[in-house]
Amino acid sequence: MTTTTVSISADLTHIRGAVHQPGDPGWDDARRAWNLAVDQHPELVVEPVDAGDVAATLRVARDAGLRVAVQGTGHGAAARGGDLAGALLLRTSAMRGVTVDPQRRVARAEAGSVWLDVAQAAAPHGLVALHGSAPDVGVVGYTLGGGLGWLGRRYGLACSHVTAIEIVLPDGRRVRTTATDEPRLFWALRGGGGSFGVVTAMEFSLFAVDRVTAGALMWPVEQAPAVLRRWRDLCPQLPTDITTIGRILRFPPLDEVPAPVRGRAMVLVEVASLLGEEETGTLLAPLRDLGPELDTVAAGDPSVLLRLHGDPETPVPGIGAGLVLAELPDDGIDALTRGLGADADTALLGIELRQLGGALATPPEGAGALGAIPGAFAAYAIGVPQGALGAVRVSGELDAVMRPLRAWSTARPYLNFAEAPVRPEEAFGPTAVGALWEIADAVDPGRLLRPNHDVRW
Ligand SMILES: Cc1cc2nc3c(=O)[nH]c(=O)nc-3n(C[C@H](O)[C@H](O)[C@H](O)COP(=O)(O)OP(=O)(O)OC[C@H]3O[C@@H](n4cnc5c(N)ncnc54)[C@H](O)[C@@H]3O)c2cc1C
């Protein structure tokens with residue numbers, strides 16, 4: 001455990017939100033990240049209630065000589081690790097208001113909102129957001145990192161549909177950025193991450209979607225080599241209205257897991273389609289020809305997309321690793337089935353391969369710092385560490401599965417799926433990283449902020 005070395009001499013009375021100091025009752029809850037594998041020890045935790053309170057919190061941090069780590073939920077806490085010594089943890093969890101303007105098809109979400117908040121506000125108007133696979137991931141953290149969701153092949157990254165961002169800069173100035181107001185900052189924030197200030201609210205477009213066809217096809221893991229080959233061959237033929245995820249999942253033996261798959265290892269193809277059931281079915285026929293043991297793909301309300309992937313909705317420990325694949329040849333499929341298939345003795349929970357392409361392939365007109373994820377698949381593998389040596393075992397097995405796949409990876413990792421520090425020029429390329437660095441230098445010359453992925457190495 002990191003020892004607290006900084007004494008907080010600053011005046012905390014101007015902060016209206018909750019303030020937690022080490023030793024206070026509830027300190028452990030206040031400092032806890034959603035990812036329980038990350039044991040973070042900040043000097044102070046503050047939960048501001050609005051933008052003015054954020055500015056007051058930043059002033060306290062400056063006066064106390066603390067850096068500021070901003071978190072909505074702590075889903076992305078792993079990249080920075082738990083070492084928050086010398087830092088104030090600013091949690092936005094008390095700011096969760098969401099409003100929807102159905103005429104303009106725009107939502108405004110405060111910094112602590114999670115995707116479930118937005119989905120619930122948008123659904124009564126027949127609108128959906130470009131959320132990802134988990135209902136409780138933070139809207140702001142997800143979007144600052146890009147935002148890869150089920151409708152991405154059709155509409156692109158979530159950050160490409162942001163229309164305004166309200167932010168408190170490290171010097172306390174409150175700014176509303178749009179394509180025309182502070183456009184450089186607006187560019188940086190759309191995919192460039194949390195290196196520029198504390199976002200207090202975001203506005204972004206919603207999309208009219210009445211029905212989707214969605215679900216999963218599942219086979220025993222022994223069929224993984226054949227299923228993943230067939231799925232890989234099918235992907236380039238699917239229209240951008242369909243997104244699939246190929247996945248090996250070792251379902252834990254927990255009561256909340258449906259009985260047919262509880263404790264079993266399966267290979268899955270998850271499907272989200274904007275097309276009707278019949279048309280989707282025709283396109284999926286080559287997969288159904290392989291005789292899935294379970295097939296839940298059916299027409300339904302768009303709200304099913306938020307839980308289609310079955311992500312956990314309460315804090316859990318997880319160690320993950322991601323990379324973007326330019327292609328997935330047979331050797332790649334064999335490598336991942338060796339690590340996670342029928343014969344593998346592994347502590348890993350699974351690996352997923354998210355289909356890219358379509359609107360995710362090229363940056364749209366007016367895109368931000370991240371406008372696309374060029375490549376064929378975004379891969380992400382995860383394990384749940386258990387016991388004293390759990391983390392060591394999971395990390396070693398992750399490396400064993402991901403290392404061979406690197407032979408087919410693109411040069412650009414996707415930071416939302418990166419749970420270790422990544423050199424920013426790798427993520428953004430040399431031109432964009434120079435601009436991001438300049439903008440961060442201009443707004444945060446004293447490096448007050450401590451984001452999970454810093455654009456200044
Ligand atoms: C179960 C799970 C499912 C996921 N699914 C997807 C998915 O489908 N698609 C996808 O693209 N990603 C996905 N992710 C990755 C996720 O988008 C990132 O981890 C993201 O950073 C989480 O944002 P957060 O606010 O919830 O997390 P946090 O850890 O709270 O925030 C992450 C970082 O964002 C920055 N940040 C957050 N809030 C602010 C703010 N108000 N102002 C300034 N900076 C801020 C900070 O640098 C912070 O360290 C998933 C992650 C998990 C654990």
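Here's a quick briefing on a helix pair, a pocket, the cavities and one arginine in this structure.

The model is predicted, so local features need pLDDT of at least 70 and side-chain atom pairs count only at pLDDT 80 or more, while totals for chains, interfaces and linings use all residues. Residues are numbered from 1 along each chain as its sequence is written, and side-chain values use heavy atoms, with hydrogens and water left out. Helices (H or I, at least four residues) and strands (E, at least two) are DSSP runs, numbered from the N terminus.

**Helices α7 and α8**
- Helix α7 (residues 224–234) packs on helix α8 (residues 277–288) at about 150°, and their axes are 9 Å apart; the axes are lines fitted to C-alpha atoms over the stretch in contact, with angles from 0 to 180 degrees between N-to-C directions.
- That angle makes α7 roughly antiparallel to α8 (the cut-off is over 145 degrees).
- On the α7 side, Val227, Arg230, Trp231 and Leu234 make the contact, and Leu283, Pro286 and Leu287 do so from α8 (contact means heavy atoms within 4.5 Å).
- By class, 6 of these residues are nonpolar, none polar and 1 charged; Ala, Val, Leu, Ile, Met, Phe, Trp, Tyr, Cys and Pro count as nonpolar, Asp, Glu, Lys and Arg as charged, and the others, Gly among them, as polar.

**The second largest pocket**
- Its volume is about 360 Å³; on a 1 Å grid over the protein atoms alone, a pocket is an open set of points with protein on both sides within 12 Å along at least five of seven lines, whereas a cavity is a set where a 1.4 Å probe fits but cannot get out.
- Of its 20 lining residues, Gly322, Leu323, Arg406, Pro413 and Val422 are the closest to the centre (lining means an atom within 4 Å of a point).
- Strand β17 gives the most to this lining, with 5 residues.
- The lining divides into 11 nonpolar, 4 polar and 5 charged residues.

**Cavities**
- Residues lining the largest cavity include Trp150, Arg153, Thr243, Ile245, Arg354 and Gln355.
- At least two lining residues each come from α5 (152–155), β13 (242–250) and β18 (348–355).
- This lining has 4 nonpolar, 6 polar and 2 charged residues.

**Arg250**
- Arg250 lies in strand β13.
- Leaving aside residues up to four places away in sequence, Arg250 touches Arg264, Ala265, Leu340, Gly341, Ala344, Thr346, Leu348 and Leu349.

Terms used. Points joined across faces, edges and corners; volume = space filled by probe spheres on them. Parallel < 35°, antiparallel > 145°, perpendicular 65-115°, else oblique.
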